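In this notebook I record, entry by entry, what I looked up in one structure. I set out each term with its cut-offs where I first need it.

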Amino acid sequence: MNTVHLEKGYHLRLTGRPSAELEVLPRPARVAVVPERLPFVKPRLKVKVGDRVKTGSALFEDKRHPGVSYRSPGAGTVSSILFGPRRVVRHIVVDLDDKEAFEEFGPIDRKALEGIDRLELIDRLMAGGLWPLLRELPFRHAAGIKTRPSAIFVHLDNLDPFHPLPSVYLRGCEDLFEFGLRALERAADAPVKISIAKENASTVNGLRSRITHVYTGNYPSHDPGVLLYRTKRSADENHAWFISGQGVLLLAQFLREGRLPTEQTLVVAGPGVKSPRHVRARIGAPISDLSKGRVPAPESRCIAGGVFSGLPAAMDSFLNAGETSLVYLPEGAVSPPPLEWMMPGRDVPSYSRAFLSAFAPPRERSMSCNRHGGLRACIQCGFCARVCPVDILPQLTYKAVLAEEVEESLAHGLLDCVECGLCSFVCPSKIDLLQALRRAREAYYDDIA
């Protein structure tokens, strides 16, 4: 077992962490897939409004990756296909039947798994629509079907405080997880590297013998891109795959049962949530159902994914498979409270020493969407470089992107960026570096695709 320590990054001390209590939510009336939050996916629709589908029926396929399909998380009638600007497919909604029918893909047991051909196993995962749970570095798109990775990184937890704990979602599923790991080894023909935070390692005693890396330090030391950067020995290892621990469970359940899984464990948490906790819910469930009775402030902002790296989600949207974090942040006061000038920022989480909170003893503080200032020019403070977990210089990469100097931005480490969002958080000029670098990576991906 190897230990990886990250000195850089930032320790997120935020209120609204989920309790370990698991609540099972009732079955929703409808479910959906949200293609606009799937990175690098260009949908080609396979259904239209009014079509009848089973759980596991193909809804659309990816134009960029022929053969990679995305399946219906429920059985019923396609009631809505919402398009955005430039015909971007925002969501495909299925009204569920009282009794659902399933597409059957054929189960396989452990003996069959050991004898199955690698390409046949990959075809099976692609046919079931779960192949996109496996992602490939550095772009974090669906893993390449024709490539062999240097390794597969399985991250069991996440140092973002608003993600499911392995002690909750792995409870009673150790044997299923082992089956999923073996399936990954057979599909990738590469070593599987399993990582967990040191403080959580004792909570998964049944799997301790399979853990290869324990990480310590600050957020985002859990990220597969960070672990690869800290452990690789040559550039040949850059094209690695990764998957979450819960993604392994979904793959294993699909292979064992021959049916598309319909549930996942997620958290509804954040400073804007009353009683944040883990919930067991339907894949593709409406966000309004997940947050019902939990968000007292109607002006809270909803984020699907990490507090720094997630994407905005409307209350009328849905959660995809693999999206296991629903975070609510208060919008924040537009004007400071009375007498705030006497003790500026005493309860504001901040990296710089501009606020009094930087001098107080470390404790959890509430975060809001208030930026506490307006957009200004870069002042070359170097805060972003100090926290960057992969040692790139975000401020110089950002300027190269603005100047459309593609080669220079790549030389500064654009593709090494793990999209943790810390550069945007610590920037005193309020520059959204994450979005600028993310758009540049997407544009480069389009150029070479």
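**Entry 1. Helix α5**

I began with what covers the buried residues of α5, and found that the cover includes β1, β12 (152-155), β13 (192-197), β14 (213-217) and β15 (241-244). I took helices (H or I, at least four residues) and strands (E, at least two) as DSSP runs, numbered from the N terminus. The model is predicted, so I noted that local features need pLDDT of at least 70 and side-chain atom pairs count only at pLDDT 80 or more, while totals for chains, interfaces and linings use all residues. Residues are numbered from 1 along each chain as its sequence is written, and side-chain values use heavy atoms, with hydrogens and water left out.

Which residues of helix α5 (residues 224-231) are buried? I listed Pro-224, Gly-225, Val-226, Leu-227 and Leu-228. Buried means under 20% relative accessible area, exposed means over 50%, and partly exposed lies in between (1.4 Å probe, protein chains only).

I then looked at the N-terminal end of α5, which Asp-223 caps: one of its side-chain oxygens lies 2.7 Å from the backbone nitrogen of Gly-225. For such a polar contact I used a pair of N or O atoms within 3.5 Å; within protein, one must be able to donate a hydrogen and the other to accept it, and residues adjacent in sequence count only if both atoms are side-chain atoms.

**Entry 2. Helices packed against α6**

I looked up helix α4 (residues 174-188) and α6, which pack at an angle of about 85° with their axes 8 Å apart. That makes α4 roughly perpendicular to α6. On the α4 side the contact is made by residues including Leu-176, Phe-179 and Leu-184, and on the α6 side by residues including Val-248, Leu-251 and Arg-256. Contact means heavy atoms within 4.5 Å.

The axes are lines fitted to C-alpha atoms, for helices over the stretch in contact, and angles run from 0 to 180 degrees between N-to-C directions. Angles under 35 degrees count as roughly parallel, over 145 as roughly antiparallel, 65 to 115 as roughly perpendicular and the rest as oblique.

I next took helix α2 (residues 118-127) and helix α6 (residues 245-257), whose axes come within 11 Å and cross at roughly 100°.

**Entry 3. Aromatic rings**

How many aromatic pairs does the structure hold? I recorded 12. Rings of Phe, Tyr and Trp (its six-membered ring) pair if their centres lie within 6.5 Å; planes under 30 degrees apart count as stacked, over 60 as edge-to-face and the rest as tilted.

The rings of Tyr-10 and Phe-425 are a tilted pair, because their centres are 5.5 Å apart and their planes stand at 50°. Tyr-10 lies in the loop between β1 (2-6) and β2 (19-24) and Phe-425 in helix α11 (residues 422-426), so this pair ties together parts that are 415 residues apart in sequence. Tyr-10 is buried at 19% relative accessible area, whereas Phe-425 is partly exposed at 21%.

For Phe-139 and Tyr-445 I noted centres 5.1 Å apart and planes at 70°, so the pair is edge-to-face. Phe-139 is in the loop between β10 (135-136) and β11 (141-142) and Tyr-445 in helix α12 (residues 433-448), so parts 306 residues apart in sequence are tied together. Phe-139 is buried, with a relative accessible area of 8%, and Tyr-445 is buried at 7%.

I also traced a cluster in which ring pairs link Tyr-10, Tyr-219, Phe-308, Tyr-351, Phe-383 and Phe-425.

**Entry 4. Ser-350**

I found Ser-350 in the loop between β20 (325-329) and α8 (383-387). Ser-350 counts as buried, at 16% relative accessibility. Its side chain reaches the backbone nitrogen of Ser-352 at 3.4 Å. With neighbours within four places in sequence left aside, Ser-350 is in contact with Tyr-10, Phe-355 and Ser-357.

**Entry 5. Strand β17**

His-278 is buried, with a relative accessible area of 0%, and its side chain reaches the backbone oxygen of Ser-19 at 2.7 Å. Ala-281 is also found in strand β17 and is buried at 3%.
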